[in-house]
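The following paragraphs are intended to be read alongside the structure.

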Amino acid sequence: MKHVTFSGRLVMLGFGSIGQGVLPLILRHIDMPREHIAILTADDRGADVADEYGVSRLVAPLTRANFRDLLTPLLGEGDFLLNLSVDVSSVALIALAQELGALYLDTCIEPWAGGYTDPTLTPSQRSNYALRESALDLARALPNGPTAVLTHGANPGLVSHFMKEALLNIAHDTGQDDTVPTTREGWAALAHGLGVKVVHIAERDTQVARFCKRPGEFVNTWSIDGFVGEGCQPAELGWGTHETGMPADGRHHDFGCGAAIYLLRPGAATRVRTWTPLEGPFHGFLITHNESISIADYYTIADGGTLCYRPTVHYAYHPCDDAVLSLHELADKNWRPQSEKRLLMHEIASGIDELGVLLMGHVKGAYWYGSRLLIEEARRLVPHNNATSLQVAAAVLGGTVWAIENPRAGIVEADHLDHARVLAVARPYLGEIAGAYTDWTPLGGRGTLFSEDVDATCPWQFKNFRVL
């Protein structure tokens, strides 16, 4: 079915794995002439896919010096800039789209090339927290403009909608009021009333290729440049009001909303304990993501200058096994990226991406809610996708449809969108949507072989989740 009609031009910036996976969904579900779609990309990846769908493509890497000259002729009032690129400043693109009257959506807030690892910047300055604050500064300076949806892939993005659905499910299952809130304050009150203390974006990717990773090669099921960049940023997490002790290497930011902290170590070198229904307990990497900050900020309750409630929120990610080996090798070489890159797509033999939110601390203990998508189903549903890319592509489609339907919402994050509408668009491409309660806590089985420094009085303290 066509979800929406769009009469403007759509410029897809970047055409890696996500762009190639999104294009068939746009053509399938958005009523618009394919002649109105143009791809602007930095390299030749995906040329065969663009040709297959008859979509024009221009290879021209964007820089600080040329991005305005390249994009201005392609965009005008009512057009759409779909930013799926890396190494191009999201804030610069949003400002240009606002100036030209164009709609906008991206999957993460990117800096210019080198911004993730610039040694002249402090860890705080090159954090996702800082990138988000720069986008929010722009939102405050340009209110009520064309819709620009920030960070709306699978995560960040889709998981914010899973969070709301999970809260409603817990409320229903515990006999509490499950009326859908209509404001940020209402959602925060619901999370607080349920007693949610910690939220993990808990993901386990079990996709495996027919041949394994080779030395000197980074293997992954989604953007390698994107993963390396965020893996080298500081580990970041939304910091909850129930936390009693700051990590020794934890630091507060001295600017912005104050909803998050960072650690003086890269996310790719930081691990945490978490749980998903199919995998059970596992150790995931605490990779920085925008949703760790935006969800914590969105669900904050304050009374004047007094902070009353906020959950701890962070990503807990076990990528495909070859990507784990790739991260180990990256760390071995002091974060110098491998010379070879291989994005797994057609050579995947089997596996599933289990992505959801794990809400903990409420009366029923812990509850996971999310998507379980098999590689076989992903291939059957949409060409040019694996299980990971399709979860992202479905969320991009959902956010794009919402933006077209709500063209004057200004600059917004996923948490401000109508979660039911976005999920209705994305759901057919997410495999099995499941929820599961568990009595798992990060204290289970601890201290059996060796003594450990844990807080047994509150299992939901960050020190209990962290793997040291």
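In this predicted model, seven strands make up an open sheet with parallel pairing, and their order is S5-S4-S2-S6-S7-S8-S24.

Strand S2 (residues 10-13) pairs with strand S4 (residues 37-41) in the parallel sense, over four bridges. Within this pairing, Met-12 has Ile-39 in S4 as its bridge partner.

Helix H4 (residues 90-100) lies across S2, strand S6 (80-83), strand S7 (103-106), strand S8 (148-150) and S24. The direction of H4 is at about 165° to that of S7. Helix H5 also packs on the sheet, where H5 touches S8 and S24; the direction of H5 makes about 140° with that of S24.

H5 has a helical partner as well. Two packed helices are described by the angle between their axes and the distance between the axes. For helix H5 (residues 128-141) and helix H9 (residues 290-298), the axes come within 9 Å and cross at roughly 60°. H5 and H9 are therefore oblique to each other, and the crossing in which H5 passes H9 is right-handed. On the H5 side the contact involves Asn-128, Tyr-129 and Arg-132, which meet Asn-290, Ile-293, Ser-294 and Asp-297 in H9. By class, the residues of this contact are two nonpolar, three polar and two charged.

From H1, the residues Ser-17, Ile-18, Gly-21, Val-22, Leu-25 and His-29 take part in the contact. They meet Ser-389, Leu-390, Val-392, Ala-393, Ala-394, Val-396 and Leu-397 in H12. The contact of H1 with H12 has nine nonpolar and four polar residues, and no charged residues.

Attention may now turn to charged side chains. Side chains of opposite charge can pair when their charged atoms come close. A search of the whole structure finds 24 salt bridges. One of them joins Glu-217 and Arg-342, whose closest N and O atoms are 2.9 Å apart. Glu-217 lies in strand S11 (residues 217-220) and Arg-342 in strand S20 (residues 340-343), so this pair ties together parts that are 125 residues apart in sequence.

The last stop is a loop with two backbone features. Most residues other than glycine have a negative phi, and most peptide bonds are trans. In the loop between S8 and H6 lies Thr-151, which has a positive phi of about 50° although it is not a glycine. Pro-156 is found in the loop between S8 and helix H6 (158-173), and the peptide bond from Asn-155 to Pro-156 is cis, with omega near 5°.

Technical notes:
Residues numbered from 1 in each chain as written. Predicted model: local features only at pLDDT ≥ 70, side-chain atom pairs only at ≥ 80, totals over all residues. Heavy atoms only, no water. Axes fitted to C-alpha atoms, helices over the stretch in contact; angles between N-to-C directions. Parallel < 35°, antiparallel > 145°, perpendicular 65-115°, else oblique. Left-handed = near helix turned anticlockwise from the far one by under 90°. Contact = heavy atoms within 4.5 Å. Nonpolar A, V, L, I, M, F, W, Y, C, P; charged D, E, K, R; others polar. Pairing = 2+ DSSP bridges. Salt bridge = Lys/Arg side-chain N within 4 Å of Asp/Glu carboxyl O.
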